[in-house]
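Open the model in your viewer and keep the selection tool at hand. The tour below goes from one selection to the next and says what is found at each stop.

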Amino acid sequence: PESEALYGKDETYLNPSLPNEAAKELQWCWDSLSSTTLIGSLVVVYKDKRLFQAGICPPEAVLGPDAPTLGPIVEQCMKTGKGNYLANTVLFPGRKEFQSCLPANSQGILVQPIGSDGVLIAATGTVRGFGKVDQAWIATLGEKLEVTLENLDL
């Protein structure tokens, strides 16, 4: 598939209130995904806080602990415990709910719940850029992060 360079600035944000082990695990997730998939941007929101963001983000984004404004796709994902993959964002008007934290030209967006309190959002510059193995890996990372984050006092 043809890839498009994501538009924005390359940033990494790690919430300073996180314990060292949780911070290391979030960084490991990014390192793992960026070396094995076509991911271009990753956002982790948990208990209404941005815990981590890495890769390309919108040029106007100010990264901090406040969660980005998200909408019904994320809410449904957390409510049902099931991920959602917008494989070709041009076909999904709901893609606009991610523009506060992901590049506007993201070609694919994968939303994975972290229990019922959080979400991992991954973006790629390639239409259908996350294959079945990538989706399974991201789902596994969501489960792993749930175990890590569920007992933290955030």
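In the classes used here, Ala, Val, Leu, Ile, Met, Phe, Trp, Tyr, Cys and Pro count as nonpolar, Asp, Glu, Lys and Arg as charged, and the others, Gly among them, as polar. The model is a predicted one.

**Stop 1: the cavity**

Select Thr89, Arg95, Lys96, Phe98, Gln99, Leu102, Pro103, Ala104, Ser106 and Ile109, which line the largest cavity. Five residues of this lining are nonpolar, three are polar and two are charged. The space inside the largest cavity is about 50 Å³. How many cavities of 30 Å³ or more does the structure hold? The count is one.

**Stop 2**

Next, move to the largest pocket, whose volume is about 170 Å³. Its lining consists of 13 residues, and those closest to the centre are Val45, Asp48, Leu70, Val74 and Met78. Now select helix α2, residues 72–80. This helix supplies three residues, the largest share of the pocket lining. Sorted by class, the lining of the largest pocket has seven nonpolar, four charged and two polar residues.

**Stop 3: a salt bridge within helix α1**

Two salt bridges are found in a search of the whole structure. For one of them, select lysine 24 and glutamate 21, whose closest N and O atoms are 4.0 Å apart. Where do these two residues sit relative to each other? Both belong to helix α1 (residues 20–36), and because they are three residues apart there, about one helical turn separates them. Colour the pair by accessibility: lysine 24 is partly exposed, at 48% relative accessibility, while glutamate 21 is exposed, at 56%. The cut-off between these two classes is 50%.

**Stop 4: a salt bridge between helices**

Show the side chains of glutamate 25 and lysine 144, which meet in a salt bridge with an N to O distance of 3.4 Å. Is glutamate 25 buried or exposed? Its relative accessible area is 13%, and glutamate 25 is therefore buried, since buried means under 20%.

Key: Residues are numbered from 1 along each chain as its sequence is written. This is a predicted model: local features need pLDDT of at least 70, side-chain atom pairs count only at pLDDT 80 or more; totals for chains, interfaces and linings use all residues. Side-chain values use heavy atoms; hydrogens and water are left out. On a 1 Å grid over the protein atoms alone, a cavity is a set of points where a 1.4 Å probe fits but cannot get out, and a pocket is an open set with protein on both sides within 12 Å along at least five of seven lines; lining residues have an atom within 4 Å of a point. Grid points are joined across faces, edges and corners, and a volume is the space filled by probe spheres set on the points. Helices (H or I, at least four residues) and strands (E, at least two) are DSSP runs, numbered from the N terminus. Buried means under 20% relative accessible area, exposed over 50%, partly exposed in between (1.4 Å probe, protein chains only).
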